[in-house]
Amino acid sequence: MDALVQVLGPLEVRVGEDVLDLGGTRIRTLLAMLIANAGRVTTIGTLVGALWGDDEPPGAHRSVRTYVSRLRQSLTPAGDSLAVVTHPAGYVLRPAPGVVDSARFEELVAAGRQALPAEPVLAVEHLTRALSLWHGDAYGEFGDITSLRAEAGRLQGMRLSAVADRIDAQLAAGAGAELVAELTGLTEQHPGHDRLWGQLMRALYRAGRQADALEVFVRARTVLVERFGLDPSPTLVEIHRQVLENDDRLAAVPSGPPARPPARNDLPGDIADFAGRRAELARLLAAGVPGSATLVIEALDGMAGVGKTTLAVHAAHRLAERYPDGQLFVDLHGHASNQPPLAPLTALDMLLRAAGVPSEEIPNDVDARAARWRAELAARSLLVVLDNAADARQVRPLLPGTGRSLALITSRRRLVDLETAHIMSLDVLPEADALELFIGIVGAERVTTEADAVREVVGLCGNLPLAIRIAAARLRSRPAWTVRHLADRLRQAGSPLAELSAGDRSVAAAFALSYENLDAAQRRMFRLLGIHAGPDIDVSAAAALAAVNRGDAAWSLDVLVDDHLVQEPAAGRYRLHDLVRQHAHAVALADEPAEDRRAALRRSVDFYLHTAYRASGQLDQQFPPIDIGVPASHCEPEDLPDDTAAMEWFDVNQRCVLAALAAAEGAGWDTAVWQLAWTLDNFTYRRGSVHDSIAAWTAGLAAAQRLGNVAVQSRAHRRLGLVYTPLGEQEVWLYHLGQSLTLAEKIGDVLGQAGVHFILAYAWKQQEDYRKALPHVISARDLYREAGGAMWEIRALSMQGACHLSLGDHEQARECAECALELCREHDDEYGQADSLETLGALVVHSGRSEEALAHYGAALALWHGLDNTFREAGTLTAIGDIHAKDADPDRARRAWRRAIALYRAQNLRQAAAKVEARLADQD
């Protein structure tokens with residue numbers, strides 16, 4: 001029966017017409033916490049805090065487990081639609097779609113907003129249905145629990161916004177007088193929401209009550225000013241003007257902001273004091289005409305610091321409205337000092353994700369990705385800024401294929417070999433424009449009596465925009481300085497001019513001036529950022545790099561951001577423009593002793609190694625550990641409390657870990673190289689980042705060979721063999737596994753030999769060649785037994801049973817599976833239990849006992865779910881769907897198969913998903 005969980009009012013769980021008895025207050029609180037975090041891990045510590053607050057009793061963690069057990073019993077009638085899954089760090093509630101009313105509310109609100117402004121009647125329908133789900137205050141009985149109070153506040157805020165959205169939709173559909181009473185009450189309850197005041201004015205105007213509408217504005221202004229200290233918003237003032245003037249648009253334009261979510265805009269912030277470049281800007285604006293017959297590509301080139309990116313971004317903001325489907329920005333790192341150019345494969349991955357393509361639909365090779373990118377743009381009107389390109393070869397796969405979109409490219413190189421591109425070469429600013437830029441930043445009142453000094457400063461900056469900006473900002477922040485004083489400082493800079501490899505001394509002088517403004521700690525942080533390996537950095541990594549505490553690191557970074565030496569593209573993430581990075585690197589070489597630079601780089605590598613190691617352990621606590629030693633002195637890795645935090649950290653820092661691996665390789669720290677490859681395994685498996693895993697382990701293998709460490713070489717070959725298996729490249733994985741086996745035999749590594757045979761058995765089993773898989777799994781079983789690897793011996797025995805089953809030897813399969821299941825239960829090995837249960841389920845299917853088979857598969861499914869092994873979970877769901885199809889229950893079969901397909905796609909396993917999709921097609 002269908003279950004329904006209600007939290008938008010008194011907490012209830014309904015199954016059909018029955019309301020489940022959940023038990024006492026603490027069990028209800030436990031369920032509320034799990035619902036609020038549905039789909040995410042709620043840690044034991046969090047639950048203890050919610051259940052007892054500061055009065056935690058002895059054995060509270062055991063009590064939580066007892067309460068969870070009782071809760072599961074209470075939820076038994078809900079079946080799989082409301083599963084509480086055990087996780088190493090706590091528990092996860094996995095409700096089926098549509099079960100929790102708050103989730104359904106958010107889905108309906110999103111659907112309503114998406115329908116606006118094109119379909120206001122449909123929007124009213126969705127939003128009305130969403131609001132009808134409320135029967136009181138969200139999580140009302142749990143007001144003394146901070147986390148639930150916060151979630152309740154979020155939902156209550158969404159409720160009020162949804163009410164306003166629904167009223168906007170009704171107004172857009174032609175309503176007026178019928179809304180006056182409701183809006184009068186709403187403005188009394190929420191007097192600080194001027195959106196509601198505006199809606200009331202529009203409703204009154206439509207009801208023919210113009211004077212009342214004007215009186216409402218007076219009342220709203222009084223309330224906002226006297227009670228909240230706020231002036232009416234520009235929107236409310238505009239509605240007042242329209243009412244006064246009987247503006248015809250008043251009846252047609254919703255008073256609130258557009259309900260449809262805005263298109264994605266990745267553009268960096270525009271420059272308020274942009275100066276000059278009038279002819280170049282006019283040309284770019286003229287080029288931006290969507291739907292032209294031919295593809296338009298504008299490629300800007302010029303020397304470092306000449307303002308290529310500034311112009312491209314300024315033009316892009318002016319052009320944004322012409323490209324309503326979004327504005328994307330990608331830094332291609334074409335000329336970064338210690339970072340290779342972004343590969344087209346990676347850049348396409350970023351662009352496709354930004355365009356909304358799910359990760360599981362992104363092809364693996366560059367040509368296929370480029371084709372998918374062009375296909376995505378064929379029906380869209382996008383503005384794409386490709387910044388800092390290395391050459392035409394890097395850019396070519398990233399270009400749109402039609403005239404609906406516009407590409408703006410910046411590069412230090414003239415891209416003469418980029419077909420169909422309009423080349424625009426930028427020179428330094430003419431003196432008049434350079435003076436305009438300087439005066440616009442400093443302010444005219446500061447320079448009126450120092451015209452000659454202003455010209456001298458601009459000349460010392462070489463009329464180069466970046467140098468002018470830094471010099472002018474420095475003067476603006478020092479009220480006691482004169483322009484002459486600034487000119488004298490620039491003239492006396494001397495030798496720092498030689499620090500920039502671009503060769504323009506004025507750029508170097510400007511960077512040196514900004515650098516001199518920092519205190520000792522900030523200068524050191526800036527220098528060390530120049531040797532940091534990753535594309536960006538956070539406070540924790542910066543603290544390790546500089547061997548300071550996180551508070552001091554955050555302060556230094558904030559100052560560097562304020563001085564425009566460091567960018568903060570996202571909260572808490574910092575990066576250097578490539579020119580600034582080059583300068584920082586040059587200063588580090590000059591001012592930081594070689595041993596200190598090497599120590600800082602080691603701390604950086606160790607930060608990513610040890611944090612990634614901890615994160616990997618959270619993702620799979622049964623993954624065999626390695627000894628990575630202790631981090632370098634003053635290196636404090638991140639503390640990641642659970643699986644969710646680990647995945648979030650990897651999502652943001654994966655590129656930094658790969659860069660740390662490359663830095664370790666360059667520094668000759670070969671042990672760290674292969675260890676960093678090891679730390680990435682669990683994350684890259686979950687994200688389907690096969691190519692990153694291959695790159696990491698290829699470097700790891702080379703490092704092991706340089707070390708002469710045969711055991712690690714064997715491990716690296718073994719991991720490469722496993723990673724290549726899902727790609728179907730049989731020759732490659734056979735080679736690596738063969739090499740691994742040879743090396744393991746050479747050094748007498750019995751466990752390593754067993755692991756190779758186990759992977760070979762797995763690989764052949766994936767290809768459904770069970771005759772080749774069987775001897776390998778038997779060898780793996782025997783070798784694990786010899787080496788004392790009891791857990792893996794049992795797992796091999798379970799796989800052996802599956803092979804016997806597929807080869808028709810049912811009796812042998814039963815013996816293996818039952819023996820493995822018993823041993824797995826003795827060893828508390830949930831993975832092995834699930835394996836064995838699947839084999840037993842398949843056996844009884846052959847005997848026609850569907851109910852018994854479903855029980856075995858259901859138990860296996862719960863175990864896979866608890867282990868968060870979505871690959872195996874998908875396989876079990878496929879088998880369950882097959883049983884339902886055989887029993888002529890097509891609806892259940894389709895539900896199971898669709899869940900399996902979704903999981904396979906999330907793992908980026910297209911071949912497996914295609915096989916299940918074929919089942920669906922046959923069923924239909």
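**Packing of H5 and H6**

Reply: Helices H5 and H6 are roughly antiparallel to each other, because their axes cross at roughly 150 degrees and an angle over 145 degrees counts as roughly antiparallel. The structure is a predicted model, and in it the axes of H5 (residues 120-131) and H6 (residues 146-172) come within 8 Å. The crossing of this pair is left-handed.

On the H5 side, the contact is made by Pro 120, Ala 123, Val 124, Leu 127, Thr 128 and Leu 131. H6 contributes Arg 159, Ala 162, Val 163, Asp 165, Arg 166, Ala 169, Gln 170 and Ala 172. By residue class, the contact of H5 with H6 comprises 9 nonpolar, 2 polar and 3 charged residues.

Three strands form an open sheet in the order E4-E6-E5, with antiparallel pairing. Strands E4 (42-43) and E5 (82-87) stand at the edges and have a single partner strand each, so one side of each is left without a neighbour in the sheet. E5 is joined to E6 (residues 90-95) by 6 bridges, and these two strands run antiparallel. Within this pairing, Val 84 stands opposite Leu 93 in E6.

A further helix, H3 (residues 60-74), lies across E5 and E6. The direction of H3 is at about 155 degrees to E5.

Technical notes:
Residues numbered from 1 in each chain as written. Predicted model: local features only at pLDDT ≥ 70, side-chain atom pairs only at ≥ 80, totals over all residues. Heavy atoms only, no water. Axes fitted to C-alpha atoms, helices over the stretch in contact; angles between N-to-C directions. Helix = DSSP H or I, 4+ residues; strand = E, 2+ residues; numbered from the N terminus. Parallel < 35°, antiparallel > 145°, perpendicular 65-115°, else oblique. Left-handed = near helix turned anticlockwise from the far one by under 90°. Contact = heavy atoms within 4.5 Å. Nonpolar A, V, L, I, M, F, W, Y, C, P; charged D, E, K, R; others polar. Pairing = 2+ DSSP bridges.
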